[in-house]
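Me: I'd like to learn how to read pockets and ligand surroundings in a model. Could you walk me through one?

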Amino acid sequence: MRSARHFFQPLAVGAPPPPRDIPVRPSRMIHFFDPSNPKMTAKVPEIAKKVDVILGNLEDAIPIERKEAARNGLVAIGREVEFGDTQLWTRVNSLDSPWVLDDLIQLVTGIGHKLDVIMIPKVEGPWDIHYADRLIAQLEARVRLTRPILLHAILETPSGVANVDAICAASPRLQGLSLGPADLAASRRMKTTRVGGGHPGYVVRADPDPAQPETARPAVQQDLWHYTIARMVDACASHGVLPYYGPFGDISDAQGCEDQFRNAFLLGCVGAWSLHPSQIEIARRVFSPAADEVRWAVKVIDAMGDGSGTVMIDGKMQDDATYKQCQVMVGLARMLAAKDPELRVAYGF
Ligand code: GLV
Ligand code: MG
(Lines give C-alpha, C1' and ligand atoms only; values in the text may rest on other atoms or scores of the structure.)
(Ligands and ions follow the chains in the order given, each with its own letter.)
Protein backbone atom coordinates (compact mmCIF):
# COMPACT_ATOMS: atom_id res chain seq x y z
CA MET A 1 0.00 0.00 0.00
CA ARG A 2 1.45 3.41 -0.95
CA SER A 3 1.72 5.86 1.89
CA ALA A 4 -1.01 8.46 2.25
CA ARG A 5 1.61 11.09 1.47
CA HIS A 6 2.33 9.63 -1.98
CA PHE A 7 -1.04 8.22 -2.89
CA PHE A 8 -2.10 11.11 -5.13
CA GLN A 9 1.21 11.61 -6.87
CA PRO A 10 1.39 10.66 -10.57
CA LEU A 11 2.90 7.22 -11.22
CA ALA A 12 5.01 8.51 -14.12
CA VAL A 13 6.93 11.73 -14.67
CA GLY A 14 4.74 13.99 -16.80
CA ALA A 15 1.47 12.11 -16.16
CA PRO A 16 -1.51 14.14 -14.91
CA PRO A 17 -2.20 13.96 -11.16
CA PRO A 18 -4.82 11.31 -10.36
CA PRO A 19 -8.22 12.57 -9.19
CA ARG A 20 -8.91 13.27 -5.50
CA ASP A 21 -12.56 12.38 -5.98
CA ILE A 22 -14.23 10.31 -8.65
CA PRO A 23 -16.42 12.62 -10.72
CA VAL A 24 -20.03 11.52 -10.33
CA ARG A 25 -21.67 11.87 -13.73
CA PRO A 26 -24.81 10.22 -15.13
CA SER A 27 -23.91 6.61 -15.99
CA ARG A 28 -27.23 4.78 -15.81
CA MET A 29 -26.46 2.68 -18.86
CA ILE A 30 -23.06 1.64 -20.21
CA HIS A 31 -23.96 0.73 -23.77
CA PHE A 32 -21.67 -1.88 -25.33
CA PHE A 33 -20.83 -1.95 -29.04
CA ASP A 34 -18.46 -4.00 -31.17
CA PRO A 35 -16.04 -1.60 -32.91
CA SER A 36 -15.13 -4.30 -35.46
CA ASN A 37 -18.70 -4.47 -36.75
CA PRO A 38 -19.27 -1.78 -39.43
CA LYS A 39 -23.06 -1.96 -39.06
CA MET A 40 -22.80 -1.24 -35.35
CA THR A 41 -20.16 1.43 -35.67
CA ALA A 42 -22.25 3.30 -38.23
CA LYS A 43 -24.92 3.69 -35.55
CA VAL A 44 -22.55 4.92 -32.81
CA PRO A 45 -23.08 8.68 -33.35
CA GLU A 46 -26.88 8.26 -33.05
CA ILE A 47 -26.81 5.80 -30.13
CA ALA A 48 -24.28 7.94 -28.26
CA LYS A 49 -26.89 10.71 -28.03
CA LYS A 50 -29.30 8.36 -26.23
CA VAL A 51 -27.01 6.93 -23.56
CA ASP A 52 -24.92 8.14 -20.64
CA VAL A 53 -21.92 5.97 -21.53
CA ILE A 54 -20.94 4.35 -24.83
CA LEU A 55 -18.35 1.57 -24.54
CA GLY A 56 -16.23 0.08 -27.32
CA ASN A 57 -15.77 -3.56 -26.35
CA LEU A 58 -12.51 -5.29 -27.23
CA GLU A 59 -12.77 -8.33 -24.93
CA ASP A 60 -15.20 -11.27 -24.77
CA ALA A 61 -17.78 -11.43 -27.58
CA ILE A 62 -15.18 -10.14 -30.07
CA PRO A 63 -13.83 -13.08 -32.11
CA ILE A 64 -10.06 -13.57 -32.02
CA GLU A 65 -9.68 -12.81 -35.72
CA ARG A 66 -11.39 -9.43 -35.21
CA LYS A 67 -9.48 -8.27 -32.09
CA GLU A 68 -7.24 -5.93 -34.05
CA ALA A 69 -10.09 -4.66 -36.21
CA ALA A 70 -12.01 -3.83 -33.02
CA ARG A 71 -9.08 -1.93 -31.55
CA ASN A 72 -8.43 -0.01 -34.78
CA GLY A 73 -12.15 0.62 -35.20
CA LEU A 74 -12.39 2.13 -31.74
CA VAL A 75 -9.42 4.41 -32.35
CA ALA A 76 -11.04 5.59 -35.60
CA ILE A 77 -14.43 6.19 -33.94
CA GLY A 78 -12.82 7.99 -31.03
CA ARG A 79 -11.06 10.33 -33.45
CA GLU A 80 -14.04 10.98 -35.70
CA VAL A 81 -17.07 11.21 -33.43
CA GLU A 82 -17.86 14.07 -31.06
CA PHE A 83 -19.53 12.57 -28.00
CA GLY A 84 -20.78 15.73 -26.28
CA ASP A 85 -21.57 14.98 -22.64
CA THR A 86 -21.79 11.23 -23.30
CA GLN A 87 -18.80 9.42 -21.84
CA LEU A 88 -16.60 7.20 -24.01
CA TRP A 89 -15.37 4.04 -22.28
CA THR A 90 -13.65 0.90 -23.46
CA ARG A 91 -13.30 -2.65 -22.16
CA VAL A 92 -9.80 -3.89 -23.02
CA ASN A 93 -8.76 -7.52 -23.14
CA SER A 94 -7.76 -9.26 -19.92
CA LEU A 95 -4.32 -8.58 -18.47
CA ASP A 96 -3.05 -12.09 -19.28
CA SER A 97 -4.13 -11.93 -22.93
CA PRO A 98 -1.85 -11.33 -25.93
CA TRP A 99 -3.85 -8.21 -26.93
CA VAL A 100 -4.04 -6.03 -23.84
CA LEU A 101 -0.63 -4.37 -24.13
CA ASP A 102 -1.39 -3.09 -27.64
CA ASP A 103 -4.95 -2.25 -26.60
CA LEU A 104 -3.65 0.08 -23.90
CA ILE A 105 -0.81 1.56 -25.94
CA GLN A 106 -2.94 2.31 -28.98
CA LEU A 107 -6.02 3.53 -27.15
CA VAL A 108 -4.26 5.80 -24.69
CA THR A 109 -1.86 7.26 -27.25
CA GLY A 110 -4.49 7.41 -30.02
CA ILE A 111 -7.64 8.63 -28.27
CA GLY A 112 -6.61 9.10 -24.64
CA HIS A 113 -7.87 12.69 -24.71
CA LYS A 114 -11.38 11.40 -25.51
CA LEU A 115 -11.46 8.25 -23.34
CA ASP A 116 -13.05 8.68 -19.94
CA VAL A 117 -12.73 5.20 -18.48
CA ILE A 118 -10.89 1.95 -19.26
CA MET A 119 -12.61 -1.17 -17.98
CA ILE A 120 -10.27 -3.98 -16.95
CA PRO A 121 -11.84 -7.45 -16.99
CA LYS A 122 -11.15 -10.44 -14.73
CA VAL A 123 -9.41 -8.40 -12.03
CA GLU A 124 -8.09 -10.74 -9.34
CA GLY A 125 -6.64 -8.32 -6.80
CA PRO A 126 -4.98 -4.92 -6.27
CA TRP A 127 -1.88 -6.07 -8.18
CA ASP A 128 -3.87 -6.00 -11.44
CA ILE A 129 -4.95 -2.41 -10.79
CA HIS A 130 -1.38 -1.41 -9.88
CA TYR A 131 -0.11 -2.82 -13.19
CA ALA A 132 -2.71 -0.99 -15.28
CA ASP A 133 -2.30 2.18 -13.21
CA ARG A 134 1.45 2.51 -13.82
CA LEU A 135 1.28 1.56 -17.47
CA ILE A 136 -1.52 4.04 -18.17
CA ALA A 137 0.42 6.77 -16.33
CA GLN A 138 3.43 6.14 -18.59
CA LEU A 139 1.28 6.32 -21.68
CA GLU A 140 -0.53 9.45 -20.47
CA ALA A 141 2.88 11.07 -19.98
CA ARG A 142 4.02 10.00 -23.45
CA VAL A 143 1.15 11.88 -25.12
CA ARG A 144 1.03 14.65 -22.49
CA LEU A 145 -2.53 14.11 -21.39
CA THR A 146 -3.68 16.71 -18.91
CA ARG A 147 -6.72 14.81 -17.62
CA PRO A 148 -6.25 11.35 -16.06
CA ILE A 149 -8.07 8.38 -17.59
CA LEU A 150 -10.10 6.48 -14.99
CA LEU A 151 -10.13 2.73 -14.35
CA HIS A 152 -13.08 0.41 -13.84
CA ALA A 153 -12.71 -3.21 -12.70
CA ILE A 154 -15.06 -6.07 -13.53
CA LEU A 155 -15.79 -8.23 -10.51
CA GLU A 156 -15.90 -11.62 -12.17
CA THR A 157 -13.45 -13.92 -10.41
CA PRO A 158 -13.78 -15.48 -6.94
CA SER A 159 -10.43 -13.96 -6.03
CA GLY A 160 -11.68 -10.55 -7.18
CA VAL A 161 -14.70 -10.84 -4.89
CA ALA A 162 -12.51 -11.97 -1.97
CA ASN A 163 -10.18 -8.98 -2.60
CA VAL A 164 -12.84 -6.43 -3.46
CA ASP A 165 -11.89 -3.93 -0.72
CA ALA A 166 -8.23 -3.98 -1.70
CA ILE A 167 -9.19 -3.54 -5.37
CA CYS A 168 -11.25 -0.45 -4.50
CA ALA A 169 -8.35 0.97 -2.47
CA ALA A 170 -5.68 0.19 -5.08
CA SER A 171 -5.68 3.44 -7.05
CA PRO A 172 -7.17 6.92 -6.84
CA ARG A 173 -8.18 6.51 -10.47
CA LEU A 174 -10.49 3.57 -9.72
CA GLN A 175 -13.87 4.88 -10.88
CA GLY A 176 -16.14 1.87 -10.49
CA LEU A 177 -16.79 -1.83 -10.33
CA SER A 178 -19.22 -3.90 -12.38
CA LEU A 179 -20.57 -7.31 -11.52
CA GLY A 180 -19.57 -9.79 -14.25
CA PRO A 181 -22.06 -12.57 -13.56
CA ALA A 182 -21.17 -14.79 -16.54
CA ASP A 183 -17.45 -15.13 -15.88
CA LEU A 184 -18.04 -15.14 -12.13
CA ALA A 185 -20.47 -18.05 -12.48
CA ALA A 186 -17.97 -19.99 -14.61
CA SER A 187 -14.97 -19.36 -12.38
CA ARG A 188 -16.93 -20.11 -9.20
CA ARG A 189 -18.15 -23.34 -10.82
CA MET A 190 -21.75 -22.25 -10.31
CA LYS A 191 -24.12 -24.59 -12.18
CA THR A 192 -25.79 -22.00 -14.38
CA THR A 193 -25.63 -21.27 -18.10
CA ARG A 194 -26.91 -17.68 -18.12
CA VAL A 195 -25.59 -14.10 -18.18
CA GLY A 196 -26.97 -12.59 -14.99
CA GLY A 197 -30.47 -12.95 -13.65
CA GLY A 198 -32.06 -15.50 -11.37
CA HIS A 199 -32.49 -19.25 -11.64
CA PRO A 200 -35.71 -21.19 -11.05
CA GLY A 201 -33.82 -23.77 -9.02
CA TYR A 202 -32.47 -21.28 -6.46
CA VAL A 203 -35.39 -21.17 -4.05
CA VAL A 204 -36.33 -21.25 -0.40
CA ARG A 205 -39.31 -23.51 0.27
CA ALA A 206 -41.77 -23.21 3.15
CA ASP A 207 -41.69 -25.95 5.78
CA PRO A 208 -44.25 -28.74 5.38
CA ASP A 209 -47.53 -28.10 7.20
CA PRO A 210 -47.72 -30.96 9.78
CA ALA A 211 -51.52 -30.77 9.70
CA GLN A 212 -51.58 -31.11 5.89
CA PRO A 213 -48.33 -32.85 4.87
CA GLU A 214 -49.62 -33.55 1.36
CA THR A 215 -50.33 -29.90 0.40
CA ALA A 216 -47.95 -28.13 -1.94
CA ARG A 217 -45.27 -26.09 -0.14
CA PRO A 218 -44.80 -22.63 -1.62
CA ALA A 219 -41.28 -21.80 -2.78
CA VAL A 220 -39.85 -18.37 -3.57
CA GLN A 221 -37.03 -17.82 -6.02
CA GLN A 222 -34.05 -16.05 -4.43
CA ASP A 223 -31.51 -13.74 -6.02
CA LEU A 224 -28.29 -15.55 -6.94
CA TRP A 225 -26.42 -12.24 -7.06
CA HIS A 226 -27.57 -10.61 -3.86
CA TYR A 227 -24.48 -11.49 -1.85
CA THR A 228 -22.00 -10.35 -4.48
CA ILE A 229 -23.79 -7.09 -5.23
CA ALA A 230 -24.13 -6.20 -1.55
CA ARG A 231 -20.45 -7.01 -1.02
CA MET A 232 -19.48 -4.87 -4.02
CA VAL A 233 -21.67 -1.93 -2.94
CA ASP A 234 -20.14 -1.83 0.55
CA ALA A 235 -16.59 -1.96 -0.81
CA CYS A 236 -17.36 0.74 -3.38
CA ALA A 237 -19.19 3.07 -1.00
CA SER A 238 -16.44 2.87 1.59
CA HIS A 239 -13.82 3.89 -1.01
CA GLY A 240 -15.74 6.50 -3.03
CA VAL A 241 -16.00 4.17 -6.03
CA LEU A 242 -19.21 3.60 -8.03
CA PRO A 243 -20.92 0.18 -8.23
CA TYR A 244 -22.74 -1.16 -11.33
CA TYR A 245 -24.79 -4.21 -12.20
CA GLY A 246 -23.15 -5.72 -15.27
CA PRO A 247 -24.83 -7.50 -18.17
CA PHE A 248 -28.23 -9.18 -18.35
CA GLY A 249 -28.00 -11.59 -21.27
CA ASP A 250 -31.61 -12.62 -21.92
CA ILE A 251 -32.56 -9.74 -24.19
CA SER A 252 -36.05 -11.22 -24.67
CA ASP A 253 -36.79 -11.03 -20.92
CA ALA A 254 -37.38 -7.31 -20.38
CA GLN A 255 -39.14 -7.85 -17.06
CA GLY A 256 -36.41 -10.09 -15.63
CA CYS A 257 -33.83 -7.50 -16.71
CA GLU A 258 -35.78 -4.66 -15.14
CA ASP A 259 -36.14 -6.57 -11.85
CA GLN A 260 -32.41 -7.36 -11.65
CA PHE A 261 -31.48 -3.78 -12.48
CA ARG A 262 -33.95 -2.45 -9.90
CA ASN A 263 -32.64 -4.72 -7.14
CA ALA A 264 -29.16 -3.40 -7.90
CA PHE A 265 -30.42 0.22 -7.92
CA LEU A 266 -32.17 -0.19 -4.58
CA LEU A 267 -29.03 -1.72 -3.08
CA GLY A 268 -26.89 1.25 -4.19
CA CYS A 269 -25.74 0.65 -7.77
CA VAL A 270 -25.71 3.63 -10.13
CA GLY A 271 -26.13 1.86 -13.48
CA ALA A 272 -25.90 -1.32 -15.55
CA TRP A 273 -24.63 -2.46 -18.93
CA SER A 274 -26.94 -2.38 -21.93
CA LEU A 275 -26.16 -5.05 -24.51
CA HIS A 276 -29.06 -4.24 -26.83
CA PRO A 277 -30.88 -0.99 -27.60
CA SER A 278 -33.99 -2.33 -25.83
CA GLN A 279 -32.09 -2.36 -22.53
CA ILE A 280 -31.20 1.35 -22.78
CA GLU A 281 -34.73 2.43 -21.86
CA ILE A 282 -34.94 -0.17 -19.10
CA ALA A 283 -31.77 1.16 -17.49
CA ARG A 284 -32.90 4.77 -17.88
CA ARG A 285 -36.22 3.98 -16.20
CA VAL A 286 -34.70 1.98 -13.36
CA PHE A 287 -31.63 4.07 -12.53
CA SER A 288 -33.50 7.41 -12.55
CA PRO A 289 -35.30 7.69 -9.22
CA ALA A 290 -39.11 7.58 -9.42
CA ALA A 291 -40.75 11.03 -9.52
CA ASP A 292 -43.00 10.36 -6.49
CA GLU A 293 -39.97 9.32 -4.39
CA VAL A 294 -38.08 12.45 -5.40
CA ARG A 295 -41.02 14.74 -4.59
CA TRP A 296 -41.40 12.99 -1.24
CA ALA A 297 -37.69 13.42 -0.52
CA VAL A 298 -37.88 17.14 -1.34
CA LYS A 299 -40.83 17.44 1.05
CA VAL A 300 -38.87 15.75 3.86
CA ILE A 301 -35.80 17.93 3.28
CA ASP A 302 -37.92 21.09 3.30
CA ALA A 303 -39.65 20.01 6.50
CA MET A 304 -36.43 19.02 8.27
CA GLY A 305 -34.76 22.45 8.19
CA ASP A 306 -31.15 21.96 9.28
CA GLY A 307 -31.61 18.17 9.11
CA SER A 308 -31.66 17.50 12.84
CA GLY A 309 -34.46 16.49 15.20
CA THR A 310 -37.65 14.77 14.13
CA VAL A 311 -40.79 15.67 12.21
CA MET A 312 -43.82 13.56 11.37
CA ILE A 313 -44.96 13.63 7.74
CA ASP A 314 -48.06 11.65 6.72
CA GLY A 315 -47.67 9.51 9.84
CA LYS A 316 -44.01 8.66 9.11
CA MET A 317 -41.22 9.61 11.48
CA GLN A 318 -38.35 11.57 9.90
CA ASP A 319 -35.00 12.23 11.53
CA ASP A 320 -31.37 12.93 10.63
CA ALA A 321 -31.00 9.52 8.95
CA THR A 322 -34.09 9.76 6.75
CA TYR A 323 -32.97 13.32 5.88
CA LYS A 324 -29.67 11.86 4.63
CA GLN A 325 -31.48 9.20 2.59
CA CYS A 326 -33.60 11.92 1.02
CA GLN A 327 -30.49 13.93 0.18
CA VAL A 328 -29.07 10.92 -1.69
CA MET A 329 -32.28 10.68 -3.70
CA VAL A 330 -32.53 14.41 -4.45
CA GLY A 331 -28.81 14.74 -5.23
CA LEU A 332 -29.09 11.98 -7.84
CA ALA A 333 -32.31 13.43 -9.21
CA ARG A 334 -30.76 16.90 -9.62
CA MET A 335 -27.73 15.49 -11.43
CA LEU A 336 -29.93 13.51 -13.85
CA ALA A 337 -32.40 16.36 -14.32
CA ALA A 338 -29.57 18.63 -15.43
CA LYS A 339 -29.08 16.28 -18.39
CA ASP A 340 -32.66 15.18 -19.01
CA PRO A 341 -35.40 17.84 -19.43
CA GLU A 342 -38.20 15.25 -19.10
CA LEU A 343 -36.92 14.29 -15.66
CA ARG A 344 -36.62 17.92 -14.67
CA VAL A 345 -40.34 18.37 -15.32
CA ALA A 346 -41.27 15.08 -13.63
CA TYR A 347 -39.29 15.96 -10.51
CA GLY A 348 -40.68 19.49 -10.36
CA PHE A 349 -37.23 21.18 -10.34
C1 GLV B 1 -19.13 -9.93 -18.04
O2 GLV B 1 -18.06 -9.70 -18.51
C3 GLV B 1 -19.48 -11.20 -17.48
O4 GLV B 1 -18.62 -12.08 -17.52
O5 GLV B 1 -20.61 -11.34 -17.01
MG1 MG C 1 -16.77 -11.38 -18.39
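**Reading the pockets**

Reply: Happy to. This is a predicted model, and ligand 1 sits in the second largest pocket.

Me: Which residues are around ligand 1?

Reply: Start with a distance cut-off: a residue is near a molecule if one of its heavy atoms lies within 4 Å of it. Here the residues around ligand 1 are Arg91, Glu156, Gly180, Pro181, Ala182, Asp183, Pro247 and Trp273. By type, that shell divides into 4 nonpolar, 1 polar and 3 charged residues.

Me: Which helix gives the most to the shell around ligand 1?

Reply: That is helix H7, residues 181-188, with 3 residues.

Me: What polar atoms lie close to the oxygen atoms of ligand 1?

Reply: Look for pairs of N or O atoms within 3.5 Å. Glu156 has a polar side-chain atom 2.9 Å from a ligand 1 oxygen. For Ala182, a polar backbone atom is 2.7 Å from an oxygen atom of ligand 1, and for Asp183 a polar backbone atom is 2.8 Å from one.

Me: How much of the accessible area of ligand 1 does the protein cover?

Reply: On its own, ligand 1 has 190 Å² of accessible area, and the protein covers 94% of that.

Me: Now the largest pocket, please. How much space lies in it?

Reply: The general idea is that rolling a probe the size of a water molecule over the atoms shows where empty space is left. In this model, the largest pocket holds about 830 Å³ of space.

Me: What lines the largest pocket?

Reply: Its lining has 31 residues, with Phe265, Pro289, Val328, Met329 and Leu332 nearest the centre. These lining residues divide into 20 nonpolar, 6 polar and 5 charged. Helices H9, H10, H11 and H12 each supply at least two residues of the lining, and H12 gives the largest share, 9 residues.

How values were computed:
Residues numbered from 1 in each chain as written. Chains lettered and ligands numbered in written order. Predicted model: local features only at pLDDT ≥ 70, side-chain atom pairs only at ≥ 80, totals over all residues. Heavy atoms only, no water. Polar contact = N/O pair within 3.5 Å; in protein donor to acceptor, adjacent residues only side chain to side chain. Areas by Shrake-Rupley, 256 points an atom, 1.4 Å probe, with all protein chains shown as cover. 1 Å grid on protein atoms, 1.4 Å probe; cavity = no way out; pocket = protein on both sides within 12 Å on 5 of 7 lines; lining within 4 Å. Sits in = over half its atoms within 2 Å of the grid points. Helix = DSSP H or I, 4+ residues; strand = E, 2+ residues; numbered from the N terminus. Nonpolar A, V, L, I, M, F, W, Y, C, P; charged D, E, K, R; others polar. Points joined across faces, edges and corners; volume = space filled by probe spheres on them.
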